[in-house]
Amino acid sequence: MTKRQTVIAIIVLVLLFVFSVGFNVWRETNRQPASPIVPVVEEDLTPEPISVQGTINCLDPKDTSGSQVLSCAVGLKTDDNKNYALNNPNDTPAQSGILSGKNVMVTGMLTRPATTYKSDGTILVQTIKPL
Amino acid sequence: MDRYFSTRRIEALTDGVFAIAMTLLVLDLSSGGFGNASSSLQLLKALNNNLSSITSFVVSFLLLGSMWAVHMRQFEYIERADRHFTMINTLRLLAVVLIPLTTSIAGNYSDIVLGRILFPLNFLALAALSYWQWRYAVSRKVISQKIPADVLESAEIRNRAILLISGVVLVISVWVGPIAFILFTTVPFVVKFLKR
């Protein structure tokens, strides 16, 4: 590999890198925020936040008849087999799937169960901490 | 007037830093991240969910091992060190100790651009510092003993191949994440190609 070829290779790689990062950052910042799973009803909120430990997973739909949509309603399965829907207005990592399958501690307000998914309540998430 | 030292202490420190960095890598893979699996199928699913972290760990461990082997080979020919050489080695070790952190980020934040590029950037810096240290040692004849021409040529080609592949992996990682690390396995073939 000559010195000229090395310089050309470096320039090409730098240009490709700058373009790739620029394009992907633009795409990332213009990504549509995920919509909440269920509408938040103010009167359903408990006065104090709760903290629940469990594993991030996808909730099962209540109605399994007919065609199923391949989307994931983010939920939390606890050690005592309770399922909570996670409502993340601020698009926390759980919503984007980063913590999927991981053991976490979720803190937030407990509201009524999700209407279309099997759950024991919906947590309006304030924080999610991986354990 | 330049002062020269034995490389004995540098080699001991470097071996220790590589050993600790390679061991720390596994901490990100504790079984706590697999949830409460109660059947083989659930455990398999949890393992699959952590595939990105597992891939990053294996690749990082093997890459650190190969970079340690490069260091070991280089020091077969380096007899003494000066102040600048020691400083380059310190920077090289800084890149080594950052590998567990960037590996963890690559495993947990692979859907974010910055999360995808930090590990390949870290490795590129490590490869560049390794190359820089070797070039410095070779240019200062007092530091290197008489090195056979074929060893010099072979080291030059290998260093360039590692840098080239690291650059390619960096660009591709922006698009596909940790799966691009598989390209590191092509280094021996690129070395063979460049030797033609």
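## Interface of chain A and chain B

Across the interface of chain A and chain B, 3 residue pairs are in polar contact, both residues at pLDDT 80 or more. A polar contact is a pair of N or O atoms within 3.5 Å; within protein, one must be able to donate a hydrogen and the other to accept it, and residues adjacent in sequence count only if both atoms are side-chain atoms. Helix 1 (residues 3-29) of chain A supplies the largest share of the side of chain A that touches chain B, 12 residues. Helices (H or I, at least four residues) and strands (E, at least two) are DSSP runs, numbered from the N terminus. By class, that side of chain A has 10 nonpolar, 8 polar and 4 charged residues. Ala, Val, Leu, Ile, Met, Phe, Trp, Tyr, Cys and Pro count as nonpolar, Asp, Glu, Lys and Arg as charged, and the others, Gly among them, as polar.

The contact (heavy atoms within 4.5 Å) takes 22 residues from chain A and 24 residues from chain B. The two chains bury about 1900 Å² between them, 60% of it on carbon and sulfur atoms; this is the accessible area (1.4 Å probe) lost on being put together, summed over both.

## Basis of the values

This is a predicted model: local features need pLDDT of at least 70, side-chain atom pairs count only at pLDDT 80 or more, and totals for chains, interfaces and linings use all residues. Residues are numbered from 1 along each chain as its sequence is written, chains are lettered from A in the order in which they are written, and side-chain values use heavy atoms, with hydrogens and water left out.

## Chain A

Chain A has 1 helix and 5 strands, in the order α-β-β-β-β-β from the N terminus. Of its 131 residues, 36% are buried (under 20% relative accessible area, with exposed over 50% and partly exposed in between; 1.4 Å probe, protein chains only). Among contacts in chain A with a separation of 6 or more, 64% are between residues 24 or more positions apart.

## Two residues

B:Thr14 lies in helix 1 (residues 8-24) of chain B and is buried, with a relative accessible area of 0%. Its side chain makes a polar contact with the side chain of B:Asn89 (3.2 Å). Leaving aside neighbours within four places in sequence, B:Thr14 is in contact with B:His71, B:Asn89 and B:Leu93.

A:Asn81 sits in the loop between strand 2 (74-78) and strand 3 (83-87) of chain A and is exposed, at 55% relative accessible area. Phi of A:Asn81 is near 60 degrees, a positive value in a residue other than glycine.
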